[in-house]
Amino acid sequence: MTTTDIPHEPRNRRSWLREHSELGVCVLLLALGALVLTDALTMDVDLTQRGPIGPKTVPIAVGTGLLVVAVLLAVDVLRGGRGEAEGGEDIDLSEPADWRTVLLLAGVFLMTAVLIEPAGFPIAGALLFWGAAYALGSRHFDRDPLIAAALSVVTYEVFNNLLGVPLPGGPLMGVL
C-alpha cells in the first residue's frame with residue numbers, strides 16, 4: 001500500500017462537513033426546541049392562572065415544532081437535499097455589510113432596553129420606532145416622530161388594555 005492509497009481522513013471529513021453544512025442549522029433548531037420544551041415543561045403554573053388552554057400550550061407546540069423541523073431538515077440534508085442559493089434577493093452579496101446601520105439599530109435596541117423601565121413603554125417605544133426608522137434610512141424629521149409616537153401609544157394601549165399584558169407606563173401612567 002502506497003501513501004497515495006491511504007485516504008486523507010481530515011480532508012474527507014472537512015469536505016463532508018462542508019457538503020452538509022445545513023446540519024448546523026439542524027443542531028441549532030434542535031437545541032432551541034429542547035430549550036423551549038424544557039422551559040415550558042418546568043414552568044410553575046398555578047391552577048387559578050389556567051384558562052381553557054393554559055400558559056404551557058403555545059411553548060410546548062413551538063418547541064415540538066422546532067424539534068420536528070430539525071429532524072426533518074436533518075433527514076433531508078443527509079439524503080442529499082441542498083438549500084437553494086439566494087438568487088432572488090435584491091442585494092449584492094459581494095458588497096460589505098452596512099455596519100453603520102447595524103450599529104445604529106443595536107444602539108436603538110439597547111437604549112430601549114435601558115429606558116423602558118424609567119421612561120415607560122410609550123416613550124421608549126416611540127424612541128425605538130423613530131430610531132429604527134432613522135437607522136434604516138428615513139429622513140422625514142417632521143413626520144417620523146409623530147408616527148413613532150402614535151404607533152407606540154397604540155401598541156401600549158393594545159397590549160396593556162386589550163390584551164391584559166402590563167407594560168410600564170412611566171411618567172405617562174396617569175395620562176394614558
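**Close-up views of helix packing in a predicted model**

**View 1. Helices H5 and H6 of the predicted model pack against each other.** Helix H5 (residues 121-135) and helix H6 (residues 144-162) meet at an angle of about 135°, and their axes are 8 Å apart. H5 is therefore oblique to H6. The crossing of this pair is right-handed. From H5, the contact involves Phe121, Pro122, Gly125, Ala126, Phe129, Trp130 and Ala133, and from H6 it involves Asp144, Pro145, Ala148, Ala149, Leu151, Ser152, Thr155 and Tyr156. By class, these residues comprise eleven nonpolar, three polar and one charged.

Terms: helices (H or I, at least four residues) and strands (E, at least two) are DSSP runs, numbered from the N terminus. Axes are lines fitted to C-alpha atoms, for helices over the stretch in contact, with angles from 0 to 180 degrees between N-to-C directions. Angles under 35 degrees are roughly parallel, over 145 roughly antiparallel, 65 to 115 roughly perpendicular, and the rest oblique. A crossing is left-handed if the near helix is turned anticlockwise from the far one by less than a right angle, and right-handed if clockwise. Contact means heavy atoms within 4.5 Å. Ala, Val, Leu, Ile, Met, Phe, Trp, Tyr, Cys and Pro count as nonpolar, Asp, Glu, Lys and Arg as charged, and the others, Gly among them, as polar.

**View 2. Helices H4 and H5 cross at roughly 175°.** The axes of helix H4 (residues 99-119) and H5 come within 8 Å. The two helices are therefore roughly antiparallel to each other. Residues of H4 in this contact include Arg100, Leu104, Val108, Phe109 and Ile116, while those of H5 include Phe121, Leu127, Leu128 and Tyr134. The contact of H4 with H5 has 16 nonpolar, three polar and one charged residues.

**View 3. Threonine 101 is placed in helix H4.** Threonine 101 counts as buried because its relative accessibility is 16% (buried is under 20% relative accessible area, exposed over 50%, partly exposed in between; 1.4 Å probe, protein chains only). Apart from neighbours within four places in sequence, threonine 101 contacts Ala135 and Leu136.

**View 4. Helices H2 and H3 form a left-handed crossing.** The axes of H2 and helix H3 (residues 57-78) come within 8 Å and cross at roughly 160°. H2 and H3 are therefore roughly antiparallel to each other. Among the contacting residues are Leu23, Cys26, Leu30, Gly33 and Leu37 of H2, and Ile60, Gly63, Leu67, Ala70 and Val77 of H3. The contact of H2 with H3 contains 21 nonpolar, three polar and no charged residues.

**View 5. Valine 27 lies in helix H2 (residues 23-41).** With 55% relative accessibility, valine 27 counts as exposed. Its C-alpha atom is separated by 9.7 Å from that of leucine 67, 40 residues apart along the chain.

**View 6. The chain has six helices and zero strands.** Buried residues make up 20% of its 176 residues. The mean pLDDT (the predictor's confidence in each residue, from 0 to 100) is 85, and 83% of residues reach 70 or more. Confidence is lowest in helix H1 (residues 9-19), at a mean of 68, and highest in H5, at 96.

Residues are numbered from 1 along each chain as its sequence is written, and side-chain values use heavy atoms, without hydrogens or water. As this is a predicted model, local features need pLDDT of at least 70 and side-chain atom pairs count only at pLDDT 80 or more, whereas totals for chains, interfaces and linings use all residues.
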